[in-house]
Amino acid sequence: MQRPFADSFESSSEDSRKGGRGGAVAGGIIPGELAPGGGTPAISETQLGSRRTIANITAKEWAFLAITGAGVLAGAAFAIYFLATNAADMNSDFTLALLLLMNAGFAAYYLLDGVFTERAYELLALVGTEIMLLVYLVANFVYMKGWESPVKIARLTTAGVLAPPSVALGIMIIYEYFSSGNFIFRKVGADASLQRLCRRLFATESVIKFDLQSTLSVVLLIVKSGAFSLAEQLALGLGIGLSLLWNGLAIVAIRLENYSLTIILLITGLIQPAYMTFVVVANVDLLVDTNNTFIPANADFSNASPNVSLATSLFALVLRFGLLGLMLLAMRNYGNGLRRKLVPPILRRLTRRRV
């Protein structure tokens with residue numbers, strides 16, 4: 001019986017090309033190709049796909065990696081401290097610490113993958129994450145009287161010092177990636193149509209990851225809000241596993257250009273908007289007292305939790321519909337030869353297996 005994916009991934013001799021950082025010709029660059037000056041490969045091939053080599057990273061990118069990496073590590077350290085000191089209370093500090101730790105993990109991924117594969121959209125998600133977390137920290141500091149806690153003062157000061165240069169460098173690098181498209185040029189060559197399709201594919205993959213991040217953020221905010229019963233919290237916790245499964249399969253589906261799997265994911269992807277609608281309705285109900293007047297956020301940050309959850313849920317809801325639209329566009333472009341150039345070796349071997 002034939003393998004489930006029709007196209008073969010065998011390379012031909014005509015796929016071997018010369019060139020460096022911008023010197024490729026139609027079709028892309030083979031692994032191990034030399035960068036300008038010779039001797040140092042511009043791209044290396046891993047089991048998960050192509051990556052830029054360390055020697056190919058610019059000084060500006062190293063500065064961005066250092067500053068943002070320091071911010072991510074500091075944020076994770078503060079989050080672990082607050083998790084350890086607030087585990088018994090399960091209060092808003094504990095919730096924020098969970099949120100910070102989870103987002104620090106995503107930020108670390110966006111940082112490394114964004115730079116080493118020149119993913120402008122992932123760096124855009126990273127910059128957005130930094131700004132969002134800074135807003136969360138300021139809100140927590142104000143509502144919870146953070147000036148009374150030396151640790152909170154240190155946390156906000158660290159974020160205030162590292163976030164601005166990180167965001168500024170990130171915006172500059174994002175602009176350069178959008179303008180040059182060097183990595184895409186190396187992968188698919190000088191064919192303008194393939195470059196356009198590759199950009200769209202990379203954008204879709206980045207939104208899939210950001211969608212997962214947003215969904216998990218909502219789950220963390222709701223599960224620890226104390227607003228639901230144990231059974232409801234368990235049901236919400238199940239959202240983590242289902243989200244990981246759906247978003248992981250979404251990346252595989254568009255990389256392999258699998259029509260059947262993509263259609264299944266487009267249909268089941270509507271479950272998340274239904275879930276988010278439930279979250280929005282629940283939080284609107286929490287925001288309204290018995291006199292049907294909205295409860296203002298006051299000195300207790302726990303009263304602001306429904307506001308935060310509501311805003312995050314609405315954002316995740318809009319993001320998911322945008323993602324489904326991008327997946328539809330990506331599916332319309334299946335079969336144009338992009339898969340042959342972009343599927344990583346590990347998936348390539350799996351699709352060669354006969355069933």
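Colleague: Which side-chain oxygen reaches the backbone nitrogen of Ser260 at the start of α8?
Modeller: One from Asn258, to within 3.1 Å. A polar contact here is a pair of N or O atoms within 3.5 Å; within protein, one must be able to donate a hydrogen and the other to accept it, and residues adjacent in sequence count only if both atoms are side-chain atoms.

Colleague: What should I know about the model?
Modeller: It is predicted, so local features need pLDDT of at least 70 and side-chain atom pairs count only at pLDDT 80 or more, while totals for chains, interfaces and linings use all residues. Residues are numbered from 1 along each chain as its sequence is written, and side-chain values use heavy atoms, with hydrogens and water left out.

Colleague: Back to α8. Which of its residues are buried?
Modeller: Thr262, Leu265 and Leu266, in a helix that covers residues 259–268. Buried means under 20% relative accessible area, exposed over 50%, and partly exposed in between (1.4 Å probe, protein chains only).

Colleague: Zoom out. How many helices and strands does the protein chain have?
Modeller: It has 12 helices and two strands. Of the 355 residues, 48% count as buried.

Colleague: Where does α4 bend?
Modeller: At Ala163, by about 30°. Pro164 follows within four residues. The bend is the angle between axes fitted to the seven residues ending there and the seven starting there.

Colleague: How far does α4 reach from its first C-alpha to its last?
Modeller: 45 Å, for 31 residues (150–180). That is close to the 45 Å expected, where the expected span is 1.5 Å times one less than the number of residues. Just after α4, Gly181 takes a positive phi of about 60°.

Colleague: Is Ile174 buried or exposed?
Modeller: Ile174 is buried, with a relative accessible area of 6%. It sits in α4. Ile174 and Arg119 are 55 residues apart in sequence and 8.2 Å apart in space, C-alpha to C-alpha.

Colleague: New topic. Which residues touch the most other members of the largest nonpolar core?
Modeller: Phe64, Val115, Leu123 and Leu338, out of 66 residues. Helix α2 (residues 92–116) gives the most, with 14 residues. A nonpolar core is a set of buried Ala, Val, Leu, Ile, Met, Phe, Trp, Tyr and Cys residues joined through side-chain atoms within 4.5 Å.

Colleague: Which domains give residues to this core?
Modeller: Domain 1 (57–180) and domain 2 (189–354) both do, so the core lies between them. The bounds come from an automatic or database domain assignment.

Colleague: What about charged residues? What does the side chain of Lys209 contact?
Modeller: The side chain of Tyr109, at 2.9 Å. Lys209 is in α6 (residues 192–223) and counts as buried at 11% relative accessibility.

Colleague: And which side chain does a polar contact join to Asp113?
Modeller: That of Arg51, at 3.4 Å. Asp113 is in α2. At 7% relative accessibility, Asp113 counts as buried.
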